[in-house]
Amino acid sequence: MALFRTKRLTLAIADEMASLAVQTAKANKFAPISVVVMDPDGSEIVTKRMDGCPPMAYSKLAVAKANTCVAVQMSSRAYGNKYLKGSDGISPSTSDVYVRGLNQIVSVESGLVAFPGGVLIRDRDGSIVGGLGVSGAAGDEDEYCALVAVQKCSAADELVTEPAEHVCKTLKTEVW
């Protein structure tokens, strides 16, 4: 009889990632953020909120960003691009595609979001090991903090992020 084992982030690695995201926000003088690291099943492992970050809205958005990653198996930016932009990646999506995306978001009681800040985390074999959501700064800044957190943690050589690279243009300190 074969046993299957799901790969997961440890509490120590998840906590390290959350702390790295906060450090990245501070180093770049971004607005205070909330950070959530989830396992592949969508359960929270670690949640942190910087002093000065509004407790309700941003914490819920960080959860939704991380949840989007593990629920639809793509970054929250990629999910938004799929339903909010046309096939050329620039023009708006057609109304039927847009409505399909909205229906998904509503049907899971707003557990999904279609904007940057949620990063999907895979191991080198392609298995999803978690999702990291950041909210509180601008979307590109949130995503940058999440990417740095994964790519600078002690397990980084075993992990792959989606997206792989940032597009943030407001960096004050390049940690990349």
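This is a predicted model: local features need pLDDT of at least 70, side-chain atom pairs count only at pLDDT 80 or more; totals for chains, interfaces and linings use all residues.
1. Residues are numbered from 1 along each chain as its sequence is written, and side-chain values use heavy atoms, with hydrogens and water left out.

2. The protein has five helices and five strands, taken as DSSP runs (helices H or I, at least four residues; strands E, at least two) and numbered from the N terminus. Along the sequence they follow the pattern α-β-β-α-α-α-β-β-α-β. Of the contacts with a separation of 6 or more, 67% join residues 24 or more positions apart.

3. Of the 176 residues, 46% count as buried, that is, under 20% relative accessible area, with exposed over 50% and partly exposed in between (1.4 Å probe, protein chains only). The accessible surface comes to about 9,000 Å², of which 55% belongs to carbon and sulfur atoms; such areas come from the Shrake-Rupley method with a 1.4 Å probe, and for residues only the protein chains shown count as cover.

4. The largest nonpolar core has 32 residues, and M17, I33, L132 and L159 have the most contacts inside it. A nonpolar core is a set of buried Ala, Val, Leu, Ile, Met, Phe, Trp, Tyr and Cys residues joined through side-chain atoms within 4.5 Å. Two or more residues come from each of α1 (11–27), β1 (34–38), β3 (118–123), β4 (128–135) and α5 (139–151). The largest share, eight residues, is that of α1. A second, separate core of eight residues includes V36, M38, C69 and L120.

5. Helix α5 has 13 residues and reaches 18 Å from its first C-alpha to its last, close to the 18 Å expected at 1.5 Å a residue; the expected span is 1.5 Å times one less than the number of residues. Because 10 of its 13 residues are buried, α5 is largely enclosed by the rest of the structure. The buried residues of α5 are E141, D142, E143, Y144, C145, A146, L147, V148, A149 and V150.

6. The count of disulfides is zero, a disulfide being a pair of cysteine sulfur atoms within 2.5 Å. The sulfur of C168 is 7.8 Å from the closest cysteine sulfur, in C145, and is therefore too far for a bond. C168 counts as buried because its relative accessibility is 8%. C53, at 3% relative accessibility, also counts as buried.

Definitions and conventions:
Contact means heavy atoms within 4.5 Å.
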